[in-house]
Amino acid sequence: MENKPKIIVRRKGEWMNRLKSYKVSIDGNIAGSVSNGNAEEFAVEPGLHKIRCKVNWCGSEELSIDLREGEKAYLEVKSGMKYYYVLAIPVLAVILYKLYLKIAGIKAPDYIYYAILVLAIPVFAYLIYYLTAGRNKYLSLGKDSGGLFAVK
């Protein structure tokens, strides 16, 4: 009986890209996909393998893993956009404040428009970075350090 090595990719359940599956590429070939909050197992031959995950044109950096007969590699893939909420929440707060003022019939102060603009610029710059130069860091792929498959 053959005891092939396995690569197990767990995807953290996240709001970002929750409706899209991440494609898992092993040695340049699409091996399958993993949906939000799930894990998939891929049988491979013993030896060195290069793993990468993608969603649309963005993805993760390549991860190399050397596996022997019967060995298992537990990996986790998640969004690489760590500071998205920290940047987006102040913009949302100012927009909601402006909406509140409009509903209450109070004239919004002039500085509100400047605040929205000043707060929105870093958000758009952050998004543009991850959609262009940082597109291979949009997803983070690494050893599984938490959750069901964590190797302690």
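**Close-up views of a predicted model**

**View 1. Residue I103 in helix α1.** I103 is a residue of helix α1, shown here as part of a predicted model. With a relative accessibility of 70%, I103 counts as exposed, since the exposed class begins over 50%. I103 and S60 are separated by 43 residues in sequence, and their C-alpha atoms lie 44 Å apart in space.

**View 2. The pairing of helices α1 and α2.** Helix α1, spanning residues 84–104, and helix α2, spanning residues 111–131, have axes that come within 9 Å of each other and cross at roughly 155 degrees. Because angles over 145 degrees count as roughly antiparallel, the two helices α1 and α2 are described as roughly antiparallel to each other. The crossing of α1 and α2 is left-handed. On the α1 side, the residues that meet α2 are Y84, L87, A88, P90, V91, V94, I95, Y97 and K98, while α2 contributes Y111, I112, Y113, A115, I116, L119, A120, P122, V123, Y126 and L127 to the contact with α1. Sorted by class, this contact of α1 with α2 comprises 19 nonpolar residues and one charged residue, with no polar residues.

**View 3. The largest nonpolar core.** The largest nonpolar core has 25 residues, and among these I7, V9, V24, I51, V77 and Y138 touch the most other members. At least two residues of this core are supplied by each of the strands β1 (6–11), β2 (22–26), β5 (47–55), β7 (63–67), β8 (72–79) and β9 (139–143), and likewise by helix α2. In soluble globular proteins, nonpolar side chains tend to be buried together.

**View 4. The surroundings of Y138.** Y138, one of the core residues that touch the most other members, is shown with its contacts, leaving aside neighbours within four places in sequence. On that basis Y138 is in contact with M16 and N17, with V55, C58 and G59, with K78, S79, G80 and M81, and with Y130.

**View 5. N29 in strand β3.** N29 lies in strand β3, which covers residues 29–34, and is exposed, with a relative accessible area of 52%. N29 and I51 are 22 residues apart in sequence, whereas the distance between their C-alpha atoms is 9.3 Å; I51 is itself among the core residues that touch the most other members.

**View 6. N38 in the loop between β3 and β4.** N38 is placed in the loop that runs between β3 and β4 (39–43), and at 36% relative accessibility N38 counts as partly exposed. Not counting residues up to four places away in sequence, N38 touches V9, R10 and R11. The C-alpha atoms of N38 and V9 are 8.5 Å apart in space, although 29 residues separate N38 and V9 in sequence.

View 7. Most residues other than glycine have a negative phi. D27, which is not glycine, has a positive phi near 55 degrees; D27 lies in the loop between β2 and β3 and is partly exposed, with a relative accessible area of 39%. For N56, likewise a residue other than glycine, phi is positive and near 55 degrees. N56 is found in the loop between β5 and β6 (58–59), and with a relative accessible area of 48%, N56 is partly exposed.

Note on methods
Residues are numbered from 1 along each chain as its sequence is written. This is a predicted model: local features need pLDDT of at least 70, side-chain atom pairs count only at pLDDT 80 or more; totals for chains, interfaces and linings use all residues. Side-chain values use heavy atoms; hydrogens and water are left out. Axes are lines fitted to C-alpha atoms, for helices over the stretch in contact, and angles run from 0 to 180 degrees between N-to-C directions. Helices (H or I, at least four residues) and strands (E, at least two) are DSSP runs, numbered from the N terminus. Angles under 35 degrees count as roughly parallel, over 145 as roughly antiparallel, 65 to 115 as roughly perpendicular and the rest as oblique. A crossing is left-handed if the near helix is turned anticlockwise from the far one by less than a right angle, and right-handed if clockwise. Contact means heavy atoms within 4.5 Å. Ala, Val, Leu, Ile, Met, Phe, Trp, Tyr, Cys and Pro count as nonpolar, Asp, Glu, Lys and Arg as charged, and the others, Gly among them, as polar. Buried means under 20% relative accessible area, exposed over 50%, partly exposed in between (1.4 Å probe, protein chains only). A nonpolar core is a set of buried Ala, Val, Leu, Ile, Met, Phe, Trp, Tyr and Cys residues joined through side-chain atoms within 4.5 Å.
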